Amino acid sequence: MNGSMILATIGVVLGATGTYILLPHSRGDVKSRNNYILGGVLAGLGLIGFLLLLTPPDVSPNPAPADFSSLGMMITGACFYLFAAGAIGTAVMTVTSRNPVYSALWFTGVIVSTAGLFLLIDAQFLAAGTVIVYAGAIIVTFLFVIMLAQMEGKAVYDRAAKTPGRAVFTSFLLLWSLMYCLAVVPGSHRPPTAGANDPLEDRLRRGRELAEYYRGKGPIETKLVLERALRPTSSLFFDGDHQKPKPNVAGLGEALYADHLLTVEMAGAILFAALIAAVLIANPKPLRPVDAPTEA
Amino acid sequence: MIDLFTSQLLTNYLLVGAALFALGMLGFISRRNMIVMFLSAEMMLQGVALSLVAFGRYHGNWTGQIFTIVILTVAACEASIAMALIVILYNRRSSLDVTLWQDVREPGLEPSDLAEEAAEAAPLEPVAGPESYPHLTPAGVEPAHPMKPWTERRS
């Protein structure tokens, strides 16, 4: 039982207690303001514990003589912590808000923070697409339905939660298990080591490195699979060189329309089917007339 | 030539994605408003998308981002169908409470005690505290105040 394990346990327990206090009562009783303050403080402490568990990303593997890279890494790390804390904090607020309008608005905070995290790992197209699709379309639809269906303000079922204790226990047990697998037991699912003095020894293996290692060693099926895996359109970088990244939208479009064309067709078909289904379901025509005799 | 996106960074992203997934699961289990439940499901999808993009960046290919685009598509479809279902259900029961839909269960299963919990829940009257809303006077009804109405005050 090492330090990060204890830290993870304390953070999860604090966050679970704070979230349980912030959640609505199971009978819909009103909670006092002191309860909200206590729950917020506990959940914030749990969030700080969670952030302490994350590895600071400014550990440069090859310290460059120029300090530009380390400064850039520091800014990147600060942005990462900001977006991670924003995503998790607004997620807690989304789940625990009594008013569904506030829930939808906090959920846009989750979306914006996730888009920032996407930007940090060079997925600019997905960052823009997430914000457009979620915050621009889905949230507006949800808000329309909320205003359509909840005109008289706060209802009983918004002030009451279904079995909050058991739900908090289950969810945070899942979170603790995932944190245990990810942070405390790093690299427990590594493939067999390639050589004794391998420079990739203490790292999780990347797909292309594994493919390069096994190239030309296996049967013909392995070679076929490796040929597909090493296709130049599927790589994030030109020639597999990490110093030469492809432009994001161009590379993503190339991979999407060269390797995954059937995926695009399937996505279009699913969207079309969902459109027709939504129109059919939301048809205001009644299913059968009320006073018509039902046939056996 | 070592990629700067180390496995520690990958672990960071996976942890944030796991936290989003667990919080979305908490909302989906514990909330009773159907719209909040669907928002929590979208939050779980966001956590999975974050993990996928981080894995794709770590392995140096586009597969994670392409799968995230598929997730976006499915989430949009799910939101549209969920909205249509919610409108239909609201038209029948005039409520978004998911515990009122016990008769959607499979035949032969006993309803759980959630319906009784819904019946036992606190009444809708505003209670003093941070959650109570002010009551506005309904439109068209004369408010009970001692002043003269404005039509008489003008003359």
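**A cavity lining and the aromatic pairs**

α3(B) gives the largest share of the lining of the second largest cavity, 3 residues. The model is predicted: local features need pLDDT of at least 70, side-chain atom pairs count only at pLDDT 80 or more, and totals for chains, interfaces and linings use all residues. Residues are numbered from 1 along each chain as its sequence is written, chains are lettered from A in the order in which they are written, and side-chain values use heavy atoms, without hydrogens and water.

The second largest cavity holds about 30 Å³ of space. Its lining consists of F118(A), T130(A), Y134(A), Q46(B), A49(B), T68(B), I71(B) and L72(B). Two or more residues each come from α5 (124-149) of chain A and from α2 (34-59) and α3 (63-93) of chain B. Helices are DSSP runs (H or I, at least four residues), numbered from the N terminus.

Now the rings. The whole structure has 4 aromatic pairs over all chains. Rings of Phe, Tyr and Trp (its six-membered ring) pair if their centres lie within 6.5 Å; planes under 30 degrees apart count as stacked, over 60 as edge-to-face and the rest as tilted. F80(A) and Y81(A) are edge-to-face because their centres are 5.9 Å apart and their planes stand at 70 degrees. F80(A) is buried, at 2% relative accessibility. Y81(A) is partly exposed, at 23%. Buried means under 20% relative accessible area, exposed over 50%, partly exposed in between (1.4 Å probe, protein chains only). Ring pairs link F80(A), Y81(A) and Y13(B) into a cluster.

W176(A) and Y180(A) both sit in helix α7 (residues 164-184) of chain A, 4 residues apart.

How values were computed:
On a 1 Å grid over the protein atoms alone, a cavity is a set of points where a 1.4 Å probe fits but cannot get out, and a pocket is an open set with protein on both sides within 12 Å along at least five of seven lines; lining residues have an atom within 4 Å of a point. Grid points are joined across faces, edges and corners, and a volume is the space filled by probe spheres set on the points.
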